[in-house]
Amino acid sequence: MTVKNALILAEERLREIPDPRLDAEYLLAEVLHLSRLALLMDKMRKLTPDEEAAFDALLTRREKREPLQYILGNQPFMGFSFKTDARALIPRFDTEILCEEALSHLSGRMHVLDLCTGTGALAIAIKKLRPGCIVTATDLSGDALSLAHENAESLQADIRFLQGDLFAPLGGEKFDLIVSNPPYIPDALRGTLQAEVQKEPDMALFAGMDGLDFYRRIVHEAPRHLHDGGWLCLEIGDDQGESVPALLQDHFRQVRLIRDLNGLPRVVVGAFYGTPHTL
């Protein structure tokens, strides 16, 4: 079987998923240890029986709606390749908007905290792109932290990882910037999400009846962990462009909503000034 024929058959097998041809190309390129471009330039190459069997195994996993990034084992983020598997949420392109906003407030030896770090993508990208910063990352999931450790080691990023619920492992430590892409999907949407998303960890997705549980906790506790003038940067769901900024109004200034390339609400930022006497 040639590459051309293999892709035609694979596209038919994957017809129930989004972008079946694209996924087939990525999966076959993985089997043949080629870039996708190199694969498409060599369509008459014949597959060996072992390569056909390996391709079939990957297609079977994708037919079951296992995310492509888990099958390939990696996902690009901010120009770096991150290991991905079922231990943590897959880094999304939209989250690069959050990372870029955080980077715009950072310089020198500022102290940064990444809450709900998952794969470690935000913390590691910040450390790589602002190497002078001192970066701490927390997550409740031990599985996620083990993956984050692996990514930090692979990318040679010096991050302090702590296991615990949001700020719990930090005592009274304060930071110049807190960044987070927390769970924000309402519990009522369980079972309605794309099949691939349902393969990702529940604890990284769902956040109470209205999806705001983590935002309420972060906004309430963040003033105790921010220096005066420190920034809070949060990724939000595209229907939370009013609710999350409203949560910041009492204790943060310069609250700003940032939209993604599709014009949808994606990031909320605010600066903290003053001692939170009322908290």
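Predicted model: local features only at pLDDT ≥ 70, side-chain atom pairs only at ≥ 80, totals over all residues.
Trainee: Where should I begin with a pair of helices, and at what angle do the axes of helix 1 and helix 2 cross?

Mentor: Two packed helices are described by the angle between their axes and the distance between the axes. Here helix 1, residues 3-13, and helix 2, residues 20-32, have axes that come within 9 Å and cross at roughly 135°. That angle makes helix 1 oblique to helix 2, and the crossing of the two is right-handed.

Trainee: Which residues of helix 1 and helix 2 meet?

Mentor: From helix 1 the residues are Val3, Ala6, Leu7, Ile8, Ala10 and Glu11, and they meet Pro20, Arg21, Ala24, Glu25, Leu28 and Leu32 of helix 2. Sorted by class, this contact holds 9 nonpolar and 3 charged residues, with no polar ones.

Trainee: At what angle does helix 1 pack with helix 4?

Mentor: The angle between helix 1 and helix 4, residues 49-63, is about 20°, and their axes are 10 Å apart. Because angles under 35 degrees count as roughly parallel, helix 1 is roughly parallel to helix 4, and helix 1 passes helix 4 in a right-handed crossing. On the side of helix 1 the contact is made by Ala6, Ala10 and Arg13, which meet Phe55, Asp56, Leu59, Thr60 and Glu63 in helix 4; by class there are 4 nonpolar, 1 polar and 3 charged residues.

Trainee: Turning to the sheet, what is the order of its strands?

Mentor: Strands of a sheet pair through backbone hydrogen bonds, either parallel or antiparallel. This open sheet has 7 strands in the order 5-4-3-6-7-9-8, and its pairing is mixed. Strand 5 (159-163) and strand 8 (252-259) stand at the edges with a single partner strand each, so one side of each has no neighbour in the sheet. From one strand to the next, the twist averages 15°.

Trainee: In which sense do strand 8 and strand 9 pair, parallel or antiparallel?

Mentor: Strand 8 pairs with strand 9, residues 265-272, in the antiparallel sense over 6 bridges, and phenylalanine 252 has phenylalanine 272 in strand 9 as its bridge partner. Helix 6, residues 95-104, packs on the sheet and touches strand 6 (175-180), strand 7 (226-235), strand 8 and strand 9, with a direction about 165° from that of strand 7. Helix 9, residues 213-221, also packs on the sheet, where it touches strand 3 (111-115), strand 6, strand 7 and strand 8, and its direction makes about 170° with that of strand 7.

Trainee: How many residues of strand 4 are buried?

Mentor: Strand 4, residues 134-139, is mostly covered, with 5 of its 6 residues buried. Strand 3 and strand 4 pair in the parallel sense over 5 bridges, and leucine 113 stands opposite threonine 136 in strand 4. Threonine 138 is also placed in strand 4, and because its relative accessible area is 0%, threonine 138 is buried. Among the residues that threonine 138 touches, leaving aside those up to four places away in sequence, are Leu113, Asp114, Leu162 and Pro169.

Trainee: Which helix holds arginine 36?

Mentor: Arginine 36 lies in helix 3, residues 36-40, and counts as partly exposed at 31% relative accessibility. Not counting residues up to four places away in sequence, arginine 36 touches Leu22, Glu25, Tyr26 and Ala29.

Note on methods
Residues numbered from 1 in each chain as written. Heavy atoms only, no water. Axes fitted to C-alpha atoms, helices over the stretch in contact; angles between N-to-C directions. Helix = DSSP H or I, 4+ residues; strand = E, 2+ residues; numbered from the N terminus. Parallel < 35°, antiparallel > 145°, perpendicular 65-115°, else oblique. Left-handed = near helix turned anticlockwise from the far one by under 90°. Contact = heavy atoms within 4.5 Å. Nonpolar A, V, L, I, M, F, W, Y, C, P; charged D, E, K, R; others polar. Pairing = 2+ DSSP bridges. Buried < 20%, exposed > 50% of the residue type's maximum accessible area, 1.4 Å probe, protein only.
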